[in-house]
Amino acid sequence: MKISRRTLISGVIAVAGSAVLPRIAWANTTLSLGAGMLDTLSDGHLMLPRSFVLGDIPVAEADAVLEPFGLAGAASLLPDCNLTLWRGDDRTVLFDAGSGPDFMPTAGHLMAAMDALGITPEDVTDVVFTHGHPDHLWGALDDFDEPLFANAQHHMGQIEWDYWTDPALPDTIAADRLTFAVGAARRLEVLAEGINLFNDGDEVLPGITARATHGHTPGHMAFEIATEEETVMVLGDCVANHHIAFVRPDWPNGSDQDTAQGAETRAALLAQLADTGTVFAGFHLPAPGLGRAVRDGNAFRFEPLT
């Protein structure tokens with residue numbers, strides 16, 4: 001399987017306290033997959049404090065892993081945001097909806113990537129959520145709090161839906177994630193009337209099967225897109241970076257809501273992906289987020305698709 005098309009767009013990005021700098025931004029990358037097309041689309045990137053990702057991992061141990069990636073001592077991490085678009089038969093399926101304008105100034109640029117591909121929000125027939133974090137859900141509504149993808153059926157796992165729509169959640173979620181809960185509830189209330197809920201192993205859409213990858217959030221799902229020729233997995237955030245997640249999948253990831261379950265899920269999934277050679281799309285892997293997992297002794301490494 002080979003990348004068949006890449007699009008670059010000229011753009012600018014503004015970061016608080018910094019000048020507005022011109023840059024060439026990656027917009028989308030296309031794979032031919034059987035009779036369908038799979039694209040990963042850039043929504044920009046996040047700016048995360050080191051502690052949010054690395055949690056309580058001792059600094060020296062973390063830096064030993066990060067040094068080959070040029071990230072030792074970094075005070076913040078800048079993971080890419082790669083959404084997946086699948087076009088097959090008569091469906092145009094978007095996995096997650098991006099950040100929208102309200103989360104971070106460095107993210108929320110999905111519309112530019114879609115425009116470069118010649119796709120409009122009205123063309124999307126289905127939006128399938130991996131989970132309810134802001135960079136995956138908050139882009140689902142437009143400036144008038146109406147569904148941005150107005151013609152689309154929206155889909156979310158039952159466990160994930162129950163978690164984010166629980167009225168008691170703002171009283172129980174960690175204080176630094178309270179905005180996550182409030183933001184998710186507001187958006188899911190708008191989508192509630194027509195949402196399709198599913199469970200592990202369900203065929204959400206023809207050829208698209210849900211796989212439970214819990215831990216990052218209580219009901220996080222990955223998805224297998226199967227054609228006669230090959231299967232590609234859309235990971236979401238169950239493998240959330242290309243360094244520590246692969247080298248030490250057993251270490252807790254600070255962005256996981258259940259760090260123990262997240263580590264267990266990550267280690268088992270990477271072993272499966274490496275042993276089968278399955279191509280995957282990772283939301284926060286280096287743009288365009290497409291690649292394979294390769295065993296490297298007792299660890300793994302990310303091998304980008306070219």
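A: Helices and strands are DSSP runs, numbered from the N terminus: a helix (H or I) has at least four residues and a strand (E) at least two. The model discussed here is predicted.

Q: Where does D96 lie in those terms?

A: D96 is in the loop between β7 (91–95) and α3 (110–117).

Q: What value does the phi of D96 have?

A: Start with the general idea. Most residues other than glycine have a negative phi. In this model D96 is not a glycine, yet its phi is positive, about 75°.

Q: Which other residue has a positive phi without being a glycine, and where is it placed?

A: D145, with phi near 60°. D145 is in the loop between α4 (134–137) and β9 (153–157).

Q: Which peptide bond is cis?

A: Most peptide bonds are trans. In this structure the bond from A287 to P288 is cis, with omega near 10°. P288 is in the loop between β15 (279–282) and β16 (290–296).

Q: What does the side chain of H136 make polar contacts with?

A: H136 lies in helix α4 and is buried, with a relative accessible area of 0%. Another polar contact, of 3.0 Å, joins the side chains of H136 and D237. Leaving aside neighbours within four places in sequence, the residues in contact with H136 include A97, G98, F283 and H284.

Q: How many aromatic pairs does the structure hold?

A: There are seven. One of them is F95 with F223: the ring centres are 5.6 Å apart and the planes are at 45°, so this pair counts as tilted. The pair links distant parts of the chain, since F95 is in strand β7 and F223 is in strand β13 (residues 221–226), 128 residues apart. F95 is buried at 1% relative accessibility, and F223 is buried at 0%.

Q: How are the planes of F103 and F180 placed?

A: Planes over 60 degrees apart count as edge-to-face. F103 and F180 form such a pair, with 75° between the planes and 6.4 Å from centre to centre. This pair also links distant parts of the chain: F103 is in the loop between β7 and α3, F180 is in helix α7 (residues 178–191), and they are 77 residues apart. F103 is partly exposed at 23% relative accessibility, whereas F180 is buried at 9%.

Q: Which residues form one aromatic cluster?

A: F95, F198 and F223.

Q: Which residues of helix α2 are buried, and why do they count as being on the same side?

A: The general idea comes from the helix turn. An α-helix has 3.6 residues a turn, so residues three or four places apart point the same way. In helix α2 (residues 59–66) the buried residues are A62, D63, V65 and L66. They are on the same side of α2 because they cover an arc of only 160° around the axis.

Q: What covers that buried side, and which exposed residues does the face turned away from it carry?

A: The cover includes α1 (50–54) and α8 (244–247). The face of α2 turned away from the buried side carries the exposed residues A60 and A64.

Methods
Residues numbered from 1 in each chain as written. Predicted model: local features only at pLDDT ≥ 70, side-chain atom pairs only at ≥ 80, totals over all residues. Heavy atoms only, no water. Phe/Tyr/Trp six-rings, centres within 6.5 Å; stacked < 30°, edge-to-face > 60°. Buried < 20%, exposed > 50% of the residue type's maximum accessible area, 1.4 Å probe, protein only. Polar contact = N/O pair within 3.5 Å; in protein donor to acceptor, adjacent residues only side chain to side chain. Contact = heavy atoms within 4.5 Å. Arc of directions from axis to C-beta.
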